[in-house]
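This briefing walks through one protein model, topic by topic. Please keep the sequence and the 3D view open while reading.

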Amino acid sequence: MSTLGSKHFVNQQAHQTSATVERLLQAGMIPLGKLHMTEFAFGGWGTNPLMGTPHNPWDLATHRVPGGSSSGTGVAVAAGLAPVGIGSDTGGSVRVPSAWNDLVGLKTTAGRLSLRGTVPLCERFDTVGPIAHSVEDCALLLSAMCGSDLDRDSTSLDVATEDFSAGLGHNLKGLRVGVPQEFFGEGLAADVRRAIDAALAQLQAQGATLVPIALPRTELSIPVYYIIAPAEASSNLSRFDGVKFGHRAAGPWNGMKGALTDAGHRMPFIARWPGKVPAGSACGELICFADLMATLASLLGEKLPHDAGEDSFD
């Protein structure tokens, strides 16, 4: 099954085996099963009120969030249910559950792993990556998954496969590590700073040279992300509006509040974006207006022309 963490696809059977799983099968690995995620891979906390939220296995007495969107992978590997796992990462969806479950996760370079068979959220940032207990396990898993897929995936890079574990166990003498000074500004928690400093000290102890660098446009990275990612996500997910794909409400109107509540798992962006952009900003108002119109249009699907295509709301 491939539900995308949504009630849209509770009973959906995947139409193809993804390129990532194909390569792992060729390497002799045995898939144990599909894992949980936030709806449509959208959300860093790992919560999913419609399909259930996995428990962070480090505290079974309290239901603590596991991080997302690849929440199930983080929990399964941390709990010992699987030795390694894979997830997708657009804005942290491999790295966050890895960090919150005391694991190693890698945001891979775009194009190194084929996205064929992976439902897109934002093609500019989407990647598939490994989650494991150690760097070595991640390197072995990555080596098995990597490879060009140009004939079936336009985002794939024409780069030869390599053994990412070959350099493990060697000292880091001669390696220069850039340390962006903008990453140590306002908002960095003291305990996070201590952890970063300890990691940098470990790199130095292994022979690496730390080089201070400047990334003068760092402050624009998050605003730019929240322009590109919502735009592409809205385009990619607009087909799941309940008109041709996914769950359909019992009637076009159950009262405005009830109708929008019922549509919440069909148009997951409504009422969520205001917390992601500055309050009252033109960008925020534009996103909210677009999401509202798309949601209302999906509720009135039977009034749309019969030839309305999948991308009617793009």
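A residue counts as exposed when its relative accessible area is over 50%, and as buried when that area is under 20%; partly exposed lies in between. The model is predicted. His15 has a relative accessible area of 76%, so His15 is exposed. Across the protein, buried residues make up 37% of the 314 residues.

**Overall layout**

- The protein contains eight helices and five strands.
- Along the sequence, these elements follow the pattern α-α-β-α-β-β-α-β-α-β-α-α-α.
- His15 sits in the segment before helix 1.
- His15 and Gly117 are 102 residues apart along the chain, yet their C-alpha atoms are separated by 8.6 Å.

- Three strands make up an open sheet with antiparallel pairing, in the order 1-3-2.
- Strand 1 (84-89) and strand 2 are the edge strands, each pairing on one side only.
- Strands of a sheet pair through backbone hydrogen bonds, either parallel or antiparallel.
- Strand 1 and strand 3 run antiparallel and are joined by six bridges.
- Within that pairing, Val84 has Ala132 of strand 3 as its bridge partner.
- Strand 2 pairs with strand 3 over two bridges, also in the antiparallel sense.
- On this side, Val104 stands opposite Ala132 in strand 3.
- Gly105 has Ile131 of strand 3 as its bridge partner.

**How strand 3 is covered**

- How many residues of strand 3 are buried? The count is six of its six residues, and the strand is mostly covered.
- In a regular strand the side chains alternate between the two faces of the sheet.
- For strand 3, both faces are covered.
- One side carries Thr127, Gly129 and Ile131, all buried.

**The largest nonpolar core**

- In soluble globular proteins, nonpolar side chains tend to be buried together.
- Here, the largest nonpolar core has 11 residues.
- Its members are Leu24, Val84, Leu113, Leu115, Val128, Ala132, Cys138, Leu141, Leu142, Met145 and Cys146.
- Strand 3 (127-132) and helix 4 (135-145) each supply at least two residues of this core.
- Which element gives the largest share of this core? Helix 4 does, with four residues.
- Val84 and Ala132 are bridge partners, and both belong to this core.

**Strands 4 and 5**

- Strand 4 (residues 176-180) and strand 5 run parallel, joined by five bridges.
- Between them the chain passes through helix 5 (residues 190-205), and this β-α-β crossover is right-handed.
- Ile213 lies in strand 5 (residues 209-213).
- Ile213 has 33% relative accessibility, so Ile213 counts as partly exposed.
- Phe183, Ile213 and Leu215 make a nonpolar surface patch of about 250 Å².

**Salt bridges**

- The protein has 10 salt bridges, taking a side-chain nitrogen of Lys or Arg within 4 Å of a carboxyl oxygen of Asp or Glu.
- Glu22 and Arg116 form one of them, with the closest N and O atoms 3.1 Å apart.
- Glu22 is in helix 1 (residues 19-26) and Arg116 is in the loop between strand 2 (104-105) and strand 3, so this pair ties together parts that are 94 residues apart in sequence.
- Are the two partners buried or partly exposed? Glu22 counts as partly exposed because its relative accessibility is 25%. Arg116 counts as buried because its value is 11%.
- Arg152 and Asp149 also meet through their side chains in a salt bridge, at 3.6 Å from N to O.
- Asp149 is buried, with a relative accessible area of 4%.
- Glu22, Arg116, Asp149 and Arg152 are linked in a network of salt bridges.
- Another salt bridge joins the side chains of Arg64 and Asp59, at 2.5 Å from N to O.
- Arg64 has 45% relative accessibility, so Arg64 counts as partly exposed.

Terms used
Residues numbered from 1 in each chain as written. Predicted model: local features only at pLDDT ≥ 70, side-chain atom pairs only at ≥ 80, totals over all residues. Heavy atoms only, no water. Patch = residues over 30% accessible without salt bridge, like charges linked within 9 Å, V, L, I, M, F, W, Y side chains within 5 Å. Areas by Shrake-Rupley, 256 points an atom, 1.4 Å probe, with all protein chains shown as cover. Buried < 20%, exposed > 50% of the residue type's maximum accessible area, 1.4 Å probe, protein only. Pairing = 2+ DSSP bridges. Right-handed = clockwise from strand over helix to strand, strands pointing away. Core = buried A, V, L, I, M, F, W, Y, C linked by side-chain atoms within 4.5 Å.
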